[in-house]
Each structure stands twice: as structure tokens, then as C-alpha cells.
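Please open the model in your viewer and keep a selection panel at hand.

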2 protein chains.
Amino acid sequence: MISRNELKYYSSLSQKKFRESELKFLVEGLKNVEEGLNSHFNCEIILVTFEFAEQHKNIFNHAKKKKIRIEIIRSQDFIRISETKSPQGIAAVFNYAKLNFYPDKTESNILVYLDNISDPGNLGTIIRTCDWFGINEILISKYSVDYLNPKAIRASMGSIFHLYIFEELDTEVLIDLQNRNYKIICSDLDGKNLFDYRFPEKIVLAFSNEAAGPSEAVKKIADDIITIPRIGNAESLNVAIASGIILSKALTNR
Amino acid sequence: MISRNELKYYSSLSQKKFRESELKFLVEGLKNVEEGLNSHFNCEIILVTFEFAEQHKNIFNHAKKKKIRIEIIRSQDFIRISETKSPQGIAAVFNYAKLNFYPDKTESNILVYLDNISDPGNLGTIIRTCDWFGINEILISKYSVDYLNPKAIRASMGSIFHLYIFEELDTEVLIDLQNRNYKIICSDLDGKNLFDYRFPEKIVLAFSNEAAGPSEAVKKIADDIITIPRIGNAESLNVAIASGIILSKALTNR
């Protein structure tokens with residue numbers, strides 16, 4: 001049995017301040033929960049609705065084998081912890097630790113820096129794309145949305161469990177990396193043509209805010225600014241789309 | 001003044017069946033409304049809240065010059081027509097016509113076919129990316145979400161007003177295009193490496209459903225299947241991201 005107070009406690013994890021004070025976050029949906037259970041993250045509890053439990057009996061064996069607490073709750077209670085309109089009926093709470101990034105310890109040739117990304121769906125999608133392309137470390141700037149935001153987790157499709165993600169950073173970290181021979185590359189509307197561009201060996205790709213573009217601080221220290229050339233009439237590309245195109249080029253045409 | 005009944009009528013346009021019977025759709029947000037007003041689409045009415053009207057007085061001159069009806073409504077009424085949590089306070093209703101696609105009349109070398117795309121955000125984002133890359137004609141399959149869905153419009157950032165978009169199509173149109181020397185190219189997990197692939201002169205790029213992948217019908221007639229090679233651990237790429245990467249490659253590396 002799960003108490004009213006416990007339910008209230010878990011639903012509070014939709015708010016950043018509670019996630020940060022408790023060092024816990026809640027993920028929803030079978031795909032995300034499974035990815036979490038298969039990762040090194042510690043799972044505190046799995047919550048399922050009666051309906052979900054009926055249709056996915058193996059989840060109980062899975063939980064039992066891993067010695068994870070599992071509770072069946074009513075749909076109307078599930079809605080209180082859920083952020084989606086038509087929830088699947090499974091969620092899990094994981095513990096996490098804040099990671100420190102040490103510029104002198106990274107072994108990645110390509111790092112990604114998220115420069116004030118405010119849309120959680122875009123942030124999660126970029127993490128998923130980074131995961132596809134084998135990026136290991138993602139640096140997130142101070143004024144970005146946090147990656148444990150429920151929408152960001154959902155968009156990441158489990159990829160938040162695969163990568164090292166460092167938050168609350170500022171451009172100092174980029175200067176530290178520059179001093180270690182990384183080139184900082186950001187994209188803007190008036191840069192070098194991406195498709196003629198040859199990427200240096202060690203790079204930090206900075207992807208910037210949807211509406212504002214690169215922050216002044218990033219622009220000032222960038223070694224190169226690149227552009228995806230426009231052929232048609234759209235005013236801009238979605239930042240997650242632009243990131244995907246730049247990542248694919250940076251990884252395959254070096 | 002706007003009547004209760006009119007408001008109810010405009011709010012019904014959030015549903016596909018009403019859009020189709022009335023041949024009207026509603027767009028929200030200043031960017032989308034402006035794109036609509038600058039396009040060849042006929043605008044029936046602009047609706048703004050008191051607060052929006054206060055801050056954007058020039059919208060009235062704009063409406064007057066174009067002889068478009070403009071009405072100020074209360075915020076609590078605006079919420080009834082709005083699909084967003086924190087609406088900007090401007091919306092407009094446009095007329096549209098269903099377009100027929102004639103495979104023998106197209107002059108595009110690259111066409112895009114959306115194969116059962118069900119997520120409106122993805123569909124709108126793909127339209128925006130197509131617009132960026134200068135695609136003129138988009139073919140949408142029968143079981144895709146419709147592009148005048150409010151979420152799709154929002155994600156398109158006004159690009160629905162720039163392109164010719166044909167809906168409710170099936171794979172017959174692809175066969176007609178094949179007979180006119182177009183190559184049908186779809187993407188799947190086990191195709192040719194996109195980054196080694198040389199695109200033919202005349203192509204139809206088929207982008208498929210997020211979860212299901214290419215439909216059987218598309219797979220059967222495809223001339224080539226391509227893959228964005230995976231380096232890391234994500235199970236899949238978001239379809240809008242994959243489309244962006246494929247489009248950028250198809251357009252720049254021919």
C-alpha cells in the first residue's frame with residue numbers, strides 16, 4: 001500500500017526545487033522506466049495502475065528480481081503524478097547525483113554545450129540525438145531548462161540514462177576547454193557554411209536558445225560560427241533539428 | 001462585437017471535422033498570424049485580447065489596410081479558442097482549399113512524402129524544415145495527422161503558409177511518380193548508409209511514422225532504403241530529426 005502522503009511526495013517531483021532537494025526524479029511510460037531499470041540509476045519505487053498491471057504482469061517479476069518496491073494505484077491517483085494527458089499507467093522514481101565536470105578529465109573529442117535551451121521538448125530531443133550519435137558528455141548552461149523536467153525526460157526516450165549530463169554550467173567551462181585545445185563552435189544565421197566546413201579534431205558544439213540565438217558570452221569566445229544554409233523561406237530552423245544536422249555533419253565528415 | 005455563437009464556431013475549428021466542413025482553420029500567436037497575413041491565404045477574422053491589443057496597436061492598422069475584421073475579446077473567452085497553456089492573445093481564422101496533386105505537373109526535383117506521421121508536433125516541425133531547405137511540395141499520406149491541427153501549425157512556425165501541401169494521399173501517388181522517373185527513398189534501421197549514399201536526380205523522400213517505421217506499402221515500392229548510422233545507444237531518432245538530417249544531405253551532396 002502507498003499512503004496519501006507518499007503519493008503527494010512523488011507528485012511534487014514534477015517541480016525542479018523538490019527534485020533538487022530530494023535528489024530524485026520521476027519518469028513515466030514503459031520505455032523510459034525500462035531504460036531506467038537497465039541503467040546504473042537506483043530505482044526507489046515503481047507505480048502502476050490496475051489496468052497497466054493487468055496487461056504487463058512481467059513487470060512484477062522484474063521488480064522482484066531487482067528488489068524494487070512496486071505499488072498498484074488507482075487511475076485517478078496516477079493522474080496526480082502524471083504530466084501526460086493519456087498516461088500509460090507506469091512511472092518510476094529514481095535517485096540521482098549532481099555530477100561535476102572536470103575539463104581536464106574528459107576523453108571525448110566532441111562535447112555538446114546547451115546554451116540557454118528553454119524548451120524541455122527540444123532539450124530532451126537533443127539528448128536523444130546526442131545518444132544516437134555516441135556523444136558521451138553533455139554540458140548544460142545555467143539558464144537552460146533542467147534535463148529532469150518531465151517533458152525533457154519524455155522527449156529523450158530514455159537517453160538521459162545513457163549519458164553523462166552536467167548542469168548549471170557557464171561559459172567558464174568553455175574557456176577551460178579552449179585552454180585544453182578544444183575549439184568552441186556555435187551556430188548562428190551569419191556563420192560559415194556548415195556544408196563546406198571542416199571540423200577540427202577536438203570540439204565543443206554549442207547549441208543555442210530557440211528564439212535568442214547564441215548568448216553574447218558564447219559568441220564572444222566561439223572559435224568558429226557556422227550556419228546551415230537556407231534555401232527556402234522559413235525564418236529559422238528548430239534548434240533540435242539544427243543540432244541534429246550539425247551533429248551528423250560533425251561526426252561523419254571529419 | 002463578437003457573439004457567443006461566433007466564438008463557439010471559431011473554437012470548433014480545433015476539430016478536424018469542422019475544419020474540413022467549413023474549409024477554415026485557426027492559427028495562434030503573432031508569428032503565425034503575421035505569416036498568414038503575408039501569404040495568399042484569405043483571413044476572415046483576427047481575434048485579440050484586450051491585453052494584446054494594448055501592446056500591439058499596429059495590428060489594427062494592418063487589419064484596416066487589408067480590410068480584415070478584427071475583434072477584441074476577453075482573456076477568458078480567448079482561452080476557449082486557444083490550445084496553449086499561456087496564450088499570446090492573438091489568433092486568426094483563414095480559409096483554405098483542398099489541393100489536388102498532379103504527378104505529371106510537378107516541377108520539383110525533390111518531393112517529401114509523409115508516411116503515417118501521427119505526432120502533430122513532428123509533422124509541423126518537418127514542414128518547417130522542408131521550408132528552410134526550399135522544398136515546394138509536401139505529400140501527406142491518408143493516415144497522417146492533418147497539417148492544420150493546431151499543434152502542427154504551431155510547430156511549423158508559419159511554414160504551412162509557404163508551401164504546397166497535399167493531403168489524404170496513398171502510395172498510388174508514389175507509383176505515379178516512379179513512372180515519371182522519380183526514385184522513392186525511405187529510411188529504416190537496415191538500409192544503406194546515408195553518408196555514403198548518392199541521391200538520384202529526381203527523388204521522393206518518404207519519412208515514416210515515429211513508432212512503426214515505414215508502412216508496408218512504402219517499403220514494397222521503395223527504390224532505396226537508407227539509414228542514418230547509429231554510433232551510440234539510443235534506440236531510434238525522432239522522425240523530425242531524421243528528416244532534417246536526410247533533407248540536409250539530399251540537398252547539399254548531390
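## Between the chains

Select chain A and chain B together: they bury about 2,800 Å² between them, with 66% of that area on carbon and sulfur atoms, where buried area is the accessible area (1.4 Å probe) that two parts lose on being put together, summed over both. Within chain A, pick out A:Arg128, A:Trp132 and A:Ile241, which lose the most area to chain B and together make up 27% of what that side buries.

Before going further, note that this is a predicted model, in which local features need pLDDT of at least 70 and side-chain atom pairs count only at pLDDT 80 or more, while totals for chains, interfaces and linings use all residues. Residues are numbered from 1 along each chain as its sequence is written, chains are lettered from A and ligands numbered from 1 in the order in which they are written, and side-chain values use heavy atoms, with hydrogens and water left out.

Next, select the contact residues on both sides: 31 residues of chain A are in contact with 31 residues of chain B, contact meaning heavy atoms within 4.5 Å. The same surface serves both of them, as 100% of the contact residues of chain A recur in chain B.

## Charged and polar pairs across the chains

How many salt bridges are there between chain A and chain B? The count is 2, a salt bridge being a side-chain nitrogen of Lys or Arg within 4 Å of a carboxyl oxygen of Asp or Glu. Show the side chains of B:Glu235 and A:Lys31, which meet in a salt bridge at 2.9 Å, N to O. Then show A:Glu235 and B:Lys31, whose salt bridge has its closest N and O atoms 2.8 Å apart. This pair crosses between chains, from A:Glu235 in the loop between β10 (224-227) and α11 of chain A to B:Lys31 in helix α3 (residues 30-37) of chain B; helices (H or I, at least four residues) and strands (E, at least two) are DSSP runs, numbered from the N terminus.

Between chain A and chain B there are also 18 residue pairs in polar contact, both residues at pLDDT 80 or more; such a contact is a pair of N or O atoms within 3.5 Å, where within protein one must be able to donate a hydrogen and the other to accept it, and residues adjacent in sequence count only if both atoms are side-chain atoms. To see which elements take part, colour α3, α7 (120-132) and α11 (239-252) of chain A, which give two or more residues to the side that touches chain B. Of the elements of chain A, α11(A) gives the most to that side, with 7 residues.

Finally, zoom in on A:Asp146 and A:Arg19, which form a salt bridge with the closest N and O atoms 3.1 Å apart.
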